[in-house]
Amino acid sequence: MSETAIAYQAPIPAGNAAPSASPKKLRLSPPADPRRLGNMIQATKLLAGTGTASGIGLRNAKDAIDQIMAGRNVVVLLPQAPGDIKNQLAAFGITAQTIDVHNIDVRDLRQSLGLTQQQFALAYGLEADTVQNWEQGRAKPQGAALVLLNLIEREPDTITALLAQ
């Protein structure tokens, strides 16, 4: 099943979001039976955040709903997602899962695996200098590296096995 990413394009107004209303990255999935999809116009309005600053805009919401109607998963970034958005989307037959990629303490992760910096770097296709910079606070893992570290933290044996193939 393919997956599409759609993000909010306009700037987010500063100072308006409470910590509980921080941006949320959601993976939206269609139901197994397309007949279970509800009113897609209302679902589009919900994602768009019509009349609020909490949505991805009408065009991006329509694109996301089109992908869902085609049976595809979609990833959206809602700048200020309402707390009950998952339940609201479920009413339309759309499953929403929060994607959480959090910051990693690389030294703790590496030590929990019983690896030296060099071994950790070699095992996961990283540069030893990069691992050292992360551990000494000169740099922070970002993007794909942060995703990889989250996966290693959650499933180290699976990631090691996949990389060994």
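What follows is a set of questions about those labels, each with its reply.

Reply: Happy to! This is a predicted model, in which local features need pLDDT of at least 70, side-chain atom pairs count only at pLDDT 80 or more, and totals for chains, interfaces and linings use all residues. Residues are numbered from 1 along each chain as its sequence is written, and side-chain values use heavy atoms, with hydrogens and water left out.

Me: Why is methionine 40 called buried?

Reply: Its relative accessibility is 11%, and buried means under 20% relative accessible area, exposed over 50%, partly exposed in between (1.4 Å probe, protein chains only). Methionine 40 therefore counts as buried.

Me: Where does methionine 40 sit, and what is it in contact with?

Reply: Methionine 40 belongs to helix α1, residues 40-48; helices (H or I, at least four residues) and strands (E, at least two) are DSSP runs, numbered from the N terminus. Leaving aside neighbours within four places in sequence, methionine 40 touches Ile65, Met69, Phe92 and Ile94, where contact means heavy atoms within 4.5 Å.

Me: What makes the buried residues of α1 line one face of the helix?

Reply: The buried ones are Met40, Ala43, Thr44, Leu47 and Ala48. Down the axis of α1 they fall within an arc of 135 degrees, so they line one face; the arc is that of the directions from the helix axis to the C-beta atoms. An α-helix has 3.6 residues a turn, so residues three or four places apart point the same way. The buried residues of α1 pack against β2 (24-29), α2 (58-69), β3 (73-78) and α3 (85-90).

Me: How do you know that asparagine 73 is buried, and what polar contact does its side chain make?

Reply: Asparagine 73, in strand β3, has a relative accessible area of 3%, so it is buried. Its side chain makes a polar contact with the side chain of serine 29 at 2.9 Å. A polar contact is a pair of N or O atoms within 3.5 Å; within protein, one must be able to donate a hydrogen and the other to accept it, and residues adjacent in sequence count only if both atoms are side-chain atoms.

Me: Why is arginine 72 called partly exposed?

Reply: Arginine 72, in the loop between α2 and β3, has 33% relative accessibility, so it counts as partly exposed.

Me: What about leucine 151: buried, exposed or partly exposed?

Reply: Leucine 151 lies in helix α7, residues 143-154. At a relative accessible area of 40%, leucine 151 is therefore partly exposed.
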